[in-house]
Amino acid sequence: MTPLGKLLVLGRDADVIAAGIHERGLGIDVRGREFGDVLPADLADRDMLLAFRIPPALASAAGGLRWVQSTGAGVDGILACPTLRQDALVTRLVGVFERHMAEYVLARCLAIAQRIPRLERDRRDKSWAPFYPRLVRDLRVTVLGVGVIGAAIARMLRSLGATVTGVSRAGQAVEGIERVVAVDALADVLPITDVLVVVVPNTARTRGLLDRAALERLPAGAWVVNVARGSVIDEDALIDLLRERHLGGAALDVFRDEPLPHDSPLWTLDDVMVSPHVAGLTTPQDAIDAFVANWRRLESGEPPVGVVDRERGY
Ligand code: GLV
């Protein structure tokens, strides 16, 4: 690809990221805009975009883009843009989320085993009610999605002795995971799952994958940990099964609607841990480094890192 010259940095900390890229002296024209301030005209003359998503209001101005570097791992919010040229290159961030997301999931598994939400409730109620904590090594964890991030999560949990089953499209072996099955066999592994960790990208194949029937196949008391996208899970069914106490609980970083609406029962249900989409947050420095490294690769004719297969959606 010939070197490109005009970049829009869009989203949180856009000014910081734009200034950081400018300082790296690439000789390109860099503009930064937060989502609240951006106008179609800010994008219309750009051939490069560094962003997590392209808001629908900007679609009319996206046709000149030849390269979009995502500031995230998931690129669903970019691929959804109907005016993105078919031959536009889309790259996603790789190599920065694994450790964060693995520790996020480990923290939730420890909280599940140690029953931390229940302890918090007991503290509020001044209730002294001893119980037997579990160990992570006694948990059967199913990791739905064993790409780079899912595999790192699986390895982290295995290092504490958990029994981990990975689920992927084709069920191919993944280094460091004892057992990986194809998604066709998901229904068979759900009943032998204490903690279901969701790490799949949001694609046509994964949207609604965890519907009521799938969630009902989890054994009574199982937990769901979602660090992927809200769209993978039928949120109403999840809420029903939490209310009915079929599910032991849920640790959710992502939701059908974000920010999570104030009237969502997920804010107040017992044994639900909520976080504001921070399991794998990109720092401004990560975004700067990823953009600059890929820009240099493109300029020198080397293959960029994190190229997205637009058909597959990740
Ligand atoms: C965050 O959700 C990401 O996809 O990086």
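Start by selecting helix 5 (residues 116-124), which gives the second largest pocket three residues, the largest share of its lining. Helices here are DSSP runs of H or I with at least four residues, strands are E runs of at least two, and both are numbered from the N terminus. You are looking at a predicted model, where local features need pLDDT of at least 70, side-chain atom pairs count only at pLDDT 80 or more, and totals for chains, interfaces and linings use all residues. Residues are numbered from 1 along each chain as its sequence is written, and side-chain values use heavy atoms, leaving out hydrogens and water.

Next, select the pocket lining: I112, R115, P117, R118, R121, R134, G221, W223, R245, G248 and D271. A lining residue has an atom within 4 Å of a point of the pocket, an open set on a 1 Å grid over the protein atoms alone, where a 1.4 Å probe fits, with protein on both sides within 12 Å along at least five of seven lines.

Now move to D194, in the loop between helix 7 (186-189) and strand 9 (195-198). Is D194 buried or exposed? D194 counts as buried because its relative accessibility is 14%; the cut-off for buried is under 20% relative accessible area, with a 1.4 Å probe and protein chains only.

Finally, select the ligand. One of its oxygen atoms is 2.7 Å from a polar backbone atom of G74. A backbone N or O atom of A73 lies 2.6 Å from a ligand oxygen atom. For R229, show the side chain: one of its polar atoms lies 2.8 Å from an oxygen atom of the ligand.

Terms used: Buried means under 20% relative accessible area, exposed over 50%, partly exposed in between (1.4 Å probe, protein chains only). A polar contact is a pair of N or O atoms within 3.5 Å; within protein, one must be able to donate a hydrogen and the other to accept it, and residues adjacent in sequence count only if both atoms are side-chain atoms.
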